[in-house]
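Have the 3D view open as you read.

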Amino acid sequence: MTLTTTDLKGHLKRIAVGKVRELYEVSPNTLLFVATDRISAYDVTMENGVPNKGKILTKMSLFWFKHLSGLTKNHLVPVDGIYSALPAAIGEDPALRAQLDGRSLLVHKYKILPLEVIVRGYITGSAWSEYQKSGTVHGMKVREGMCESEAFDEPIYTPSTKAEQGEHDENIHPDRAAEIVGAEMAARLEKLAIELYKAARDYALTRGIIIADTKFEFGVDENNNIVLVDEVLTPDSSRFWRKDTYKVGQGQDSYDKQFLRNWLTDNKLKAVPNVAMPQEIVDQTKAKYVEAYEALTGNKWVD
């Protein structure tokens with residue numbers, strides 16, 4: 001099954017549609033996050049989806065929320081099954097349950113901070129492109145003489161703006177992030193994001209995966225405590241590399257959307273709208289996501 005959009009027949013109000021997730025209001029304080037099977041690259045959503053991708057993202061996020069729970073509060077609402085918190089008509093309708101089973105999270109509603117909080121452990125992607133031109137990453141000077149895919153001496157905080165649907169995120173200097181959310185909050189975000197990245201990186205290495213970089217999103221509660229929200233450390237928000245084939249000075253064997261990005265680039269379709277992936281790309285992308293899930297969690301994936 002491939003789910004590219006949801007329709008809860010008016011039982012809940014849909015309040016937002018993102019590149020992958022659709023958000024419904026359950027109560028004044030809680031939301032339903034539904035991860036569809038849509039996939040985007042270069043800030044453009046493909047016309048077709050990847051079967052059960054949303055379920056993989058959801059299970060992987062749940063794994064990481066639990067793994068990182070000692071470091072930060074997250075937005076999950078602890079419930080014994082999401083249907084206990086939803087209108088009874090949804091739980092009683094097999095067609096509606098088919099849209100939600102395995103791909104939905106009940107979460108607290110928080111004020112979301114308007115930053116993509118990116119941590120980079122290795123130089124790749126847009127950071128490598130910028131470095132080749134100017135010796136900088138997000139406008140920050142970094143060590144001279146670095147090679148593609150090389151590890152930074154220490155992970156670096158490289159924020160970007162949060163783009164609306166169809167728009168492009170913009171890489172920004174940390175000073176600009178401080179202007180957006182305030183210097184004190186920006187410093188807290190940087191510290192926490194690097195702590196989360198290091199914890200995830202160190203665990204992933206024991207599972208044969210290098211986390212080259214990742215994107216976190218955060219909100220704040222009523223006491224201005226930072227809360228980890230959205231998805232976390234999935235192939236959609238991170239670059240996962242195979243540890244056993246890693247080699248400095250070249251691109252890496254990747255478990256994430258880099259595979260799709262490469263196909264788009266090779267076919268001169270980078271950032272082109274209304275692109276449908278051929279079945280071969282769909283199947284190979286799905287296989288990459290499943291492989292990453294199984295390697296990181298130790299669980300066998302069953303559709």
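A quick definition before anything else: two strands count as a pair if DSSP finds at least two bridges between them. Keep in mind, too, that this is a predicted model.

**The strands**

With that in hand, look at strand β2, residues 21-27, and strand β3, residues 30-35. They run antiparallel and are joined by six bridges. How many residues sit between β2 and β3 in their hairpin? There are two.

β2 also pairs with strand β1, which covers residues 13-17. Here the strands are again antiparallel, and four bridges hold the pairing. Lys13 finds its bridge partner in β2 at Glu25. The link from β1 to β2 is a hairpin as well, going through three residues.

**The helices**

Now for helix α6, residues 183-206, which has a packing partner in helix α1 and another in helix α5.

| Helix pair | Axis distance | Crossing angle |
|---|---|---|
| α1 (residues 53-67) and α6 (residues 183-206) | within 11 Å | roughly 110° |
| α5 (residues 174-181) and α6 | 7 Å | about 125° |

Start with α1 and α6, whose axes cross at roughly 110°. Angles of 65 to 115 degrees count as roughly perpendicular, so α1 is roughly perpendicular to α6. The crossing of this pair is right-handed. Which residues make the contact? On the α1 side they are Phe63, Trp64 and His67, while α6 brings Ala199, Ala200 and Tyr203. Sorted by class, the contact of α1 with α6 has five nonpolar residues and one polar residue, with no charged ones.

Then there's α5, which packs against α6 at about 125°. That angle makes α5 oblique to α6. The crossing of α5 and α6 is right-handed. From α5, the contact draws on Ala177, Ala178 and Val181. From α6, the residues are Ala183, Met185, Ala186 and Leu189. What classes do the residues in the contact of α5 with α6 fall into? Seven are nonpolar, and there are no polar and no charged residues.

Terms used. Residues are numbered from 1 along each chain as its sequence is written. This is a predicted model: local features need pLDDT of at least 70, side-chain atom pairs count only at pLDDT 80 or more; totals for chains, interfaces and linings use all residues. Side-chain values use heavy atoms; hydrogens and water are left out. Axes are lines fitted to C-alpha atoms, for helices over the stretch in contact, and angles run from 0 to 180 degrees between N-to-C directions. Angles under 35 degrees count as roughly parallel, over 145 as roughly antiparallel, 65 to 115 as roughly perpendicular and the rest as oblique. A crossing is left-handed if the near helix is turned anticlockwise from the far one by less than a right angle, and right-handed if clockwise. Contact means heavy atoms within 4.5 Å. Ala, Val, Leu, Ile, Met, Phe, Trp, Tyr, Cys and Pro count as nonpolar, Asp, Glu, Lys and Arg as charged, and the others, Gly among them, as polar.
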